[in-house]
Amino acid sequence: MIIASNLTKQFGKLSALDNVSVNFTKGECIALMGPNGSGKTTLIKCILGMVVPDSGFITFNDKNILHNWQYRQHIGYMPQIGRYPENMTIGQVISMIKDIRSAYNKSFDEELIESFGLNEILKKRMRTLSGGTRQKVSASLAFLFHSDVLILDEPTAGLDPVASEILKEKIKTKIKNGKLVIITSHILSDLDELATQVIYMQDGKLRFHKNINELRNETGQQKLAKAIVSLMHNHSA
């Protein structure tokens with residue numbers, strides 16, 4: 001579905017992406033992992049068209065995204081920190097995003113809006129919301145359009161345990177329905193539950209891309225964190 005081929009991106013002397021090639025296929029939940037500064041965010045921004053690589057290219061359903069911005073209609077994106085007009089209400093923000101994408105999306109998935117109880121506080125202004133409620137708004141917007149691809153950046157950060165479980169169940173449903181889900185998270189217990197594949201990046205390089213069961217079998221570790229530590233230790237030995 002999404003193929004990144006030989007991506008390179010420099011920011012001054014910093015090599016954010018160093019000849020990265022990776023495939024993302026539908027029906028998978030891919031954990032995009034690595035330390036801070038590893039290139040994860042730059043890769044996501046390249047997929048979203050927010051950053052143009054210096055070399056290499058990305059295809060979405062076999063079409064180069066460089067001159068094909070319409071592919072974005074198929075992506076639901078949840079940023080790590082959602083930034084919205086502070087004086088708008090939750091309801092106004094939701095309506096605004098619906099209007100922006102109305103040319104391509106005629107039906108909406110409002111399950112999370114209801115499950116999170118946002119339908120009961122639609123008149124609250126964004127400036128009054130807690131960080132957790134902002135996260136709920138961001139998640140609800142990401143899932144609103146029945147998107148084929150969901151890119152979720154630290155999706156459960158700041159959510160209370162009940163809201164976190166609601167979101168994880170929603171993600172599982174999307175995977176079962178054949179959607180592609182890409183998650184970055186430092187809450188590795190969430191990824192243990194959700195991920196079917198793991199991409200690990202470091203210093204702008206792709207270190208490995210493995211099926212999670214393959215990773216567990218290779219390392220003898222069931223927990224994702226321990227499996228990654230074991231694999232990286234073996235590679236450096």
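1. A word to start with: when residues are sorted by class, Ala, Val, Leu, Ile, Met, Phe, Trp, Tyr, Cys and Pro count as nonpolar, Asp, Glu, Lys and Arg as charged, and the others, Gly among them, as polar. Keep that in mind as you look around this structure, which is a predicted model.

2. Sorted by class, the lining of the largest cavity has four nonpolar residues, two polar and one charged. Helix α6 (residues 188-194) gives the most to this lining, with three residues.

3. Now for the open spaces. The largest pocket contains about 690 Å³ of space. It is lined by 22 residues, and those closest to its centre are Ile 75, Gly 76, Tyr 77, Ile 97 and Arg 101.

4. Lys 40, Thr 41, Thr 42, Gln 80 and Asp 153 lie nearest its centre, out of 22 lining residues. Both β2 (14-24) and α1 (40-48) supply at least two residues of the lining, and the largest share, five residues, comes from α1. Here the classes divide into eight nonpolar, nine polar and five charged.

5. Next, a lysine to look up. Is Lys 174 buried or exposed? Lys 174 has a relative accessible area of 8%, and under 20% is called buried, so Lys 174 is buried. This residue lies in helix α5 (residues 161-176). Leaving aside neighbours within four places in sequence, Lys 174 is in contact with Asp 109, Phe 143, His 146, Leu 150 and Lys 179.

6. Finally, take a look at helix α7 (residues 212-219), where Ile 212, Leu 215, Arg 216 and Thr 219 are buried. Why do the buried residues line one face of the helix? Seen down the axis of α7, they fall within an arc of 95°, so they line one face. An α-helix has 3.6 residues a turn, so residues three or four places apart point the same way. The two ends of α7 deserve a glance as well. At the start, a side-chain oxygen of Asn 211 reaches to within 2.8 Å of the backbone nitrogen of Asn 213. Just after α7, Gly 220 takes a positive phi of about 75°.

Methods. Residues are numbered from 1 along each chain as its sequence is written. This is a predicted model: local features need pLDDT of at least 70, side-chain atom pairs count only at pLDDT 80 or more; totals for chains, interfaces and linings use all residues. Side-chain values use heavy atoms; hydrogens and water are left out. Helices (H or I, at least four residues) and strands (E, at least two) are DSSP runs, numbered from the N terminus. Buried means under 20% relative accessible area, exposed over 50%, partly exposed in between (1.4 Å probe, protein chains only). Contact means heavy atoms within 4.5 Å. The arc is that of the directions from the helix axis to the C-beta atoms. A polar contact is a pair of N or O atoms within 3.5 Å; within protein, one must be able to donate a hydrogen and the other to accept it, and residues adjacent in sequence count only if both atoms are side-chain atoms. On a 1 Å grid over the protein atoms alone, a cavity is a set of points where a 1.4 Å probe fits but cannot get out, and a pocket is an open set with protein on both sides within 12 Å along at least five of seven lines; lining residues have an atom within 4 Å of a point. Grid points are joined across faces, edges and corners, and a volume is the space filled by probe spheres set on the points.
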